Each structure stands twice: as C-alpha cells, then as structure tokens.
Amino acid sequence: MFEFVCVIYFSADPKDNLYVGNFESCAHAHSYVAANYKSSEINWVKCLHEDYLFLPKNFIKKEIK
C-alpha cells in the first residue's frame, strides 16, 4: 500500500515545495529522492503517513514504486 507521502522542500518558500509521490515506506521515499535529486538542491525531505495529513478533496496519488 502506498500510504506515505513524500514532499521535498527546496527552500522555505511554500511554492518551492514539491510533492514527489506516495510510497510504500519512508525508506523507499528517501531512496527515491537520493537517486533522483542532488543533495545540494534539497533543503529537506519530509515523509508522512497520509492518515496524518489533510489532503485536498480531489487529491490524486502518484504512486512511486
């Protein structure tokens, strides 16, 4: 199940944040980010279980394997 949401924060400005996708675990999310983004361009990565987030009504999951 893809229940963990991963967001990359490139800066403190909310419009610079990027929803990466939903993952099976936070470990998978961090591995994906490490493989696809340079550490110098990322301020920090946040991975949370979707049950603890308020997602928009029409939110469409992007499931990353």
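These legends accompany close-up views of a predicted model.

**View 1. The largest nonpolar core.**
Nine residues make up the largest nonpolar core. They are Cys-6, Ile-8, Val-20, Phe-23, Ala-29, Val-33, Ile-42, Cys-47 and Ile-64. Three elements each supply at least two residues of this core: β1 (4-9), β2 (17-23) and α1 (26-36).

Cys-6 is one of the residues of the largest nonpolar core.

**View 2. The salt bridge of Lys-15 and Asp-13.**
The structure holds two salt bridges. In this one, the side chains of Lys-15 and Asp-13 meet, at 3.6 Å from N to O. Is Lys-15 buried or exposed? Lys-15 counts as exposed, because its relative accessibility is 70% and the cut-off for exposed is over 50%. Asp-13 has a relative accessible area of 30%, so this residue is partly exposed.

**View 3. The salt bridge of Lys-61 and Glu-50.**
Here the side chains of Lys-61 and Glu-50 meet in a salt bridge, with 3.1 Å from N to O. Both Lys-61 and Glu-50 lie in the segment after β3 (44-49), eleven residues apart in sequence, so the pair ties together these parts. Lys-61 is partly exposed, with a relative accessible area of 35%. What is the relative accessible area of Glu-50? For Glu-50 the value is 17%. Glu-50 is therefore buried, as the cut-off for buried is under 20%.

**View 4. The aromatic pair of Tyr-19 and Phe-59.**
A search of the whole structure finds four aromatic pairs. One view is given to Tyr-19 and Phe-59, whose ring centres are 5.2 Å apart. Their planes stand at 70°, so the pair is edge-to-face; the cut-off for that class is over 60 degrees. Where in the chain do Tyr-19 and Phe-59 lie? Tyr-19 is in strand β2, and Phe-59 is in the segment after β3. The two residues are 40 residues apart, and their pair links distant parts of the chain. Tyr-19 counts as partly exposed, at 23% relative accessibility. Phe-59 is partly exposed too, with a relative accessible area of 27%.

How values were computed: Residues numbered from 1 in each chain as written. Predicted model: local features only at pLDDT ≥ 70, side-chain atom pairs only at ≥ 80, totals over all residues. Heavy atoms only, no water. Core = buried A, V, L, I, M, F, W, Y, C linked by side-chain atoms within 4.5 Å. Buried < 20%, exposed > 50% of the residue type's maximum accessible area, 1.4 Å probe, protein only. Helix = DSSP H or I, 4+ residues; strand = E, 2+ residues; numbered from the N terminus. Salt bridge = Lys/Arg side-chain N within 4 Å of Asp/Glu carboxyl O. Phe/Tyr/Trp six-rings, centres within 6.5 Å; stacked < 30°, edge-to-face > 60°.
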